[in-house]
Amino acid sequence: MQVKRFFAADMRQAMKLVRDELGADAAIIGNRRIAGGVELTAALDYKLSALAPRVPNMELEDELRKTQSRIVTAQAELSLRGDGESDKSTNRQLFAGLPLTAAEPLIEPTYAEPRRPAPAAAPASSGVDPRAFDSMRFELNSLRELMEVQLGSLAWNQLQGSRPEQANLWRRLQRIGLSGPLSRDLLALITDIDEPRQAWRMLLAHLARMISTPELEPLEEGGVIAMVGPAGMGKTTTLAKLAARYVLKYGPQNIALVSMDSFRIGAQEQLKTLGRILNVSVTHVDPGQSLVQALDPLLRKRVVLIDTAGLQASDPALRMQLESLAGRGIKSKNYLVLATTSQKQVLTAAYHSYKRCGLAGCILTKLDETASLGEVLSLAISHELPVAYLTDGPRIPDDLHLPRRHQLVSRAVSVQMQEEPSEEAMADMFADIYHSPTKQVG
């Protein structure tokens, strides 16, 4: 038997190290928190793993699900902090991996509302060391993450063995870059189609229908239109393309430009230059200045385009900027500008930072530079953000386009990853699905 310790920043990275070093047959025999991360102890028995049949282990899966239910119950009891010593033995057994004795039978958890502790018990719980609860929470979270990784790997292996055609569709959707929950929802729509080519065509058709676009082009609808988003997404360039598109079609009389970016060097000069070229008025709003008062002389214009500053989520100036755009007197239609070259985490963080101002939709930029469209499409679909415009180059305004849903899906397929996703990537995607309410995959 080979026993080895692995150190990583979190449980998922540690599990990946175990799989890479010892393979999928390795057994986790211990885990604990250390400074800077976690420590896993894994063992591999070459004789047993060589003779073990490569078939789904239903008993193991059932035991894993029971353990997951116990974790949920333990977390609910932990949050009460008032159940006294009666649960300590159970918690010790859960963390130490000890079997329940005959005096402590396994009780299947129920999901009824937990009993609230009596007010008289509050003083007794006040003396509990908070560090003990923090340690218990860490252990529970580590155990839950470990369970999700194992269940994800188990579910993916079973799907490959029982339904290889659907497993292939999962891989193709992963190559596009779609999220696990969205892929699951798409595959649920074609369960009655057995022919692989027809199933793939129907998947893409359903994906196109899920993408939302405005019924009327924002420039044609008019009003106050603001470009919001982090730095580097292409807000100013997109605003320039929108302004030029409107001027070429209707002239410069009924459009105005507003800049709220007083933080980036040269941002105001860039917009002034654009205004001179298009013969359009440009108004600058300094931090602390009332946006309502700045827009008051411009209300007679049919279209007002606002360029905002790309600030960090922790910057207090961002909160003031978003509150100004969400003010009652503004009635601004705010569009989140998203560069398709950004990572999934960056796109998600941008949405959660800027949704406070009320988003009318999104604008996808840098399509000519992207290597994947699945991430940004998953974000737009999951948060119901209509895609208002697309940009795919530096030319003003030639590289600004109205979205066509089927063309956007075709483009997403054309820029998909060339290589097949690894087994670890597929298992991790299935593990992520276990965070969502519906946990049936395949």
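View 1. Helices here are DSSP runs of H or I with at least four residues, and strands are runs of E with at least two, both numbered from the N terminus. The structure is a predicted model, in which local features need pLDDT of at least 70, side-chain atom pairs count only at pLDDT 80 or more, and totals for chains, interfaces and linings use all residues. Residues are numbered from 1 along each chain as its sequence is written, and side-chain values use heavy atoms, with hydrogens and water left out.

**View 2. The buried face of helix H17.** In H17, which spans residues 405-414, the buried residues (under 20% relative accessible area) are Leu408, Val409, Ala412 and Val413. These residues line one face of the helix, because they fall within an arc of 140° seen down its axis, the arc being that of the directions from the helix axis to the C-beta atoms. An α-helix has 3.6 residues a turn, so residues three or four places apart point the same way.

**View 3. The packing partners of H17.** The buried residues of H17 pack against helices H7 (164-176), H9 (196-210) and H16 (374-382), and against strand E10 (387-391); contact means heavy atoms within 4.5 Å.

**View 4. Helix H16 and the residue Glu384.** Seven of the nine residues of H16 are buried, among them Val376, Leu377 and Ile381. Just after H16, Glu384 takes a positive phi of about 55°.

**View 5. Cys357 and Cys362.** Cys357 is buried, at 7% relative accessible area, and Cys362 is buried at 0%.

Definitions and conventions
Buried < 20%, exposed > 50% of the residue type's maximum accessible area, 1.4 Å probe, protein only.
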